[in-house]
Number of protein chains: 2
Amino acid sequence: MADFLFVPDSAGDTPLYEQIYRRFVSEIQSGSLAAGEKVPSKRRLCAHLGVSMSTVETAYSLLVAEGYLDSRPRSGYRVSPLLPLEAPAAEAPALPVSPPPAPPLADPFSTGAVDTSVFPYSSWARLTRDAVYQNPDLLQRGDPQGDRELRQVLCHFLREYRGVVCSPEQLVIGAGMEYLLDLVLQLLPREAVYALEDPGYRSTYRAVANQGLRVVPIPVDDQGMDCATLEASGATVAYVTPSHQFPLGVTMPAGRRTQLLRWAYARPDRYLIEDDYDSEFRYTSRPIPAMQGLDRRGRVVYVGTFSRSIAPSIRVAYLILPPALLARYRAQFSYAASTVSRFEQQVLCRFIGDGLYARHLRRVGGLYRARRGQLLELLSAIPHSAVTGSEAGLHLLLHLPGRDEGTLCARAAAEFGLKLRGLGEFCRAAPPRQAALVLGFAGLDRERLEAYGPALLSLCRQEPSALDKS
Amino acid sequence: MADFLFVPDSAGDTPLYEQIYRRFVSEIQSGSLAAGEKVPSKRRLCAHLGVSMSTVETAYSLLVAEGYLDSRPRSGYRVSPLLPLEAPAAEAPALPVSPPPAPPLADPFSTGAVDTSVFPYSSWARLTRDAVYQNPDLLQRGDPQGDRELRQVLCHFLREYRGVVCSPEQLVIGAGMEYLLDLVLQLLPREAVYALEDPGYRSTYRAVANQGLRVVPIPVDDQGMDCATLEASGATVAYVTPSHQFPLGVTMPAGRRTQLLRWAYARPDRYLIEDDYDSEFRYTSRPIPAMQGLDRRGRVVYVGTFSRSIAPSIRVAYLILPPALLARYRAQFSYAASTVSRFEQQVLCRFIGDGLYARHLRRVGGLYRARRGQLLELLSAIPHSAVTGSEAGLHLLLHLPGRDEGTLCARAAAEFGLKLRGLGEFCRAAPPRQAALVLGFAGLDRERLEAYGPALLSLCRQEPSALDKS
């Protein structure tokens, strides 16, 4: 066990499971861990290193899949007798054990939910039938950036609704934000250092790490990403969510946007990636135009998606490239076919062009406004609490000073079968200063609110001392 | 001009345009090229370096887009007076000039064509309507690997038709081969060295270079990738097209497949990527099972697509991961949503499951067999020529000993407005030993054959001396 007394580096670029995996591989390859030797149980190792069970499980499943460890029922894990470096096993390797099914918790406060009860089924079906029947040319390979007609309609829409300034030439249509982010990472130099919001999307951290690129977490204050820390960090690219920061819900004011743009203008290799997710929904004031529209020197890369405004299964997102990166894109990616079905491109093009998308946004916006109101009313009954980040988007933050998030979430699961998310889940460098829950309301229909609202109230109302010291 | 007397390295990993771009940047940053100084015209530079016009155009457009060069009408290119490192231009940067529109050449022998006249419009439209109306759950985010039902049906189909051995757990559905290849590159270690077929797909070379990974071109002989060169190359991953090598059309015999598997088994970090494109179409013997089905140690990654068997705009491809890479995938990509619309997944699932796909393959296979026959008949009238690679797939090779491909293709364009592809276009390290044309026949309907067949004949029939010395 002494061999495993290393301190995983939770602030670095390498995920914890990868650090554990590499440590075992090097111990086994150096012979410090001998063939047949028993290694710590998952439970023991996770207590020992202070990491989560799923982290250890991921590391062990990689080690078993690659033939470094053997797993035997009831006898635990041992170093594999046949080292893969010398003699690969003659037997077909076993499939890795499927991840344990998620405990069947109810998730009425999911931050990823979208209400699809108002999905425009009949228009969508009609437009799809038209697309399949009316234009045989749609079966052929289209423009790698997406069909020109869709890009034109979208460009017009984004100019009007988001204050974006671009030409259809600069738009790239792609199968989801993750795909488009992957593309952007390949257009920027490999030496780039990525500043990501902390707290922030875990998937963005993973995407950058998956390409073996460098990341620095930058704290978010009540106006968005902190510019002084950014300046000192050595980062060259900053990824921000100015319209509604995830998970804090901050809307970045104009002053901070200007500061960020100045930071980007100060050196030729600096860029901002503006993730404009959730920007379609704003409740207390007019929508704030995208930062992209303020940029006069081609330093903002803009990404948005229809997955939240229409439905998660509509895998269409869009990217606006500034001129220098557009030139890179054309040099590097002119060979690649578009990742979106042309039928679906055509449907979306008509859906936006005929005004159905704007109508859908108004309808679904009204629905979300009502759900937000009901949730705020419920939360107002919790003493010693405060709500922030509710001006826009589809989630808000409930601050609960003096409480312990972990205990709260664990009790919600155990006592009510209810999934709750603590702010700490999204923090990288430092835990949150104050306990808070991240509560989504897009999927919170009346039935779910009535079923789980009382549970949330009862959990959050209990006195800190009574609950968190147990 | 003396400054530009460098020899671009055409065998290396760095594309030529990138080498030229970097050379200019370093000359400008070091001051060897002063602000305001005139640089060679595109035409002069391309003659000087012996590279193509489009290579120089790409490099210059990057340099202009990034502010290193200014382009003035009629006065050529000069080094920008404001160096971007010191003072970024206050003006909004101009969009890069669009690539010059492709000359309007007819392309009846395209290798990427698919006949869509037999596309099953009515079944597709019916299945799509059903998908949109019948299951509201399809609007929600699905499994990152693709819907389980589709994976099951596809697994069954691939077992029966391709001899593939896998479980639905190992399948990942994604928006196109390029997307899935990008994913695989992120699962393998960054130190991996990729052996690619030479001649081979240019897009594969680009995909690997775009991620900044190392490539070695490996020659293809009449059985496929050369194993002795592969062994000596230091490569750790080999990308092969065993069912119908692109562009040579070789079908890899069982012996070579075993050799490649042995190569992969010899070290734990070695993998084979089997690109099974075109495998649906075979004319002279029964289809040869995929190499994936021979693999007993989990070293083959298998990729296939519906873009060629149904329609190019159907952006659905599939990937089979061996156990060790599946464990990696789960650790790295469990956060990502599937890149394929769930409506389209559902349509495809029913299309395969109801037997419509198998019927479609028979129908379209008969059509391609007929077109292949007509093309072979036409080519048999060309003296001193030979055809290879016509046993399978959707293209073949026409060998024309003693001829010059470049001259042939240039004359086809100039005299007949006809696009032809020389084998040399797909070669990396060494030019082809013998002139050959790569001719696709999937889009060669009777009308096109009658319009362009005579032109092809007349070009290829002329005596070498009369044509190529001109």
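**Notebook: helix packing, chain contact and backbone details**

I began with helices α2(B) and α3(B), whose crossing is right-handed. A crossing is right-handed if the near helix is turned clockwise from the far one by less than a right angle, and left-handed if anticlockwise. Helices (H or I, at least four residues) and strands (E, at least two) are DSSP runs, numbered from the N terminus.

I note that this is a predicted model, in which local features need pLDDT of at least 70 and side-chain atom pairs count only at pLDDT 80 or more, while totals for chains, interfaces and linings use all residues; side-chain values use heavy atoms, without hydrogens and water. Residues are numbered from 1 along each chain as its sequence is written, and chains are lettered from A and ligands numbered from 1 in the order in which they are written.

**Helix pairs in chain B**

I looked up the geometry of α2 (residues 42-49) and α3(B): their axes come within 9 Å and cross at roughly 125 degrees. Axes are lines fitted to C-alpha atoms, for helices over the stretch in contact, and angles run from 0 to 180 degrees between N-to-C directions. The two helices are therefore oblique to each other; angles under 35 degrees count as roughly parallel, over 145 as roughly antiparallel, 65 to 115 as roughly perpendicular and the rest as oblique. The contact (heavy atoms within 4.5 Å) includes B:L45 and B:C46 of α2(B) and B:V56 and B:Y60 of α3(B).

I then took α1 (residues 16-30) and α3 (residues 53-65) of chain B, whose axes come within 8 Å and cross at roughly 40 degrees. This pair is therefore oblique as well, and the crossing of α1(B) and α3(B) is right-handed. Among the residues in contact are B:I20 and B:F24 of α1(B) and B:A59 and B:L63 of α3(B).

**A helix pair in chain A**

The residues in contact include A:W124 and A:L127 of α4(A) and A:F343 and A:F351 of α11(A).

**Between the chains**

How many residues does each chain give to the contact? I recorded 83 from chain B and 83 from chain A. The area buried between the chains is about 6900 Å², of which carbon and sulfur atoms give 58%. Buried area is the accessible area (1.4 Å probe) that two parts lose on being put together, summed over both.

I found 2 salt bridges across this interface, a salt bridge being a side-chain nitrogen of Lys or Arg within 4 Å of a carboxyl oxygen of Asp or Glu. A:E18 forms a salt bridge with B:R328, with the closest N and O atoms 2.9 Å apart. Over all chains, the search gives 46 salt bridges.

**Backbone details**

I recalled that most residues other than glycine have a negative phi, and most peptide bonds are trans. A:D198 and A:P199 are joined by a cis peptide bond, with omega about 0 degrees. I placed A:P199 in the loop between β4 (193-198) and α7 (202-210) of chain A. The bond from B:F246 to B:P247 is cis, with omega near 5 degrees. A:H384, which is not a glycine, has a positive phi of about 55 degrees.
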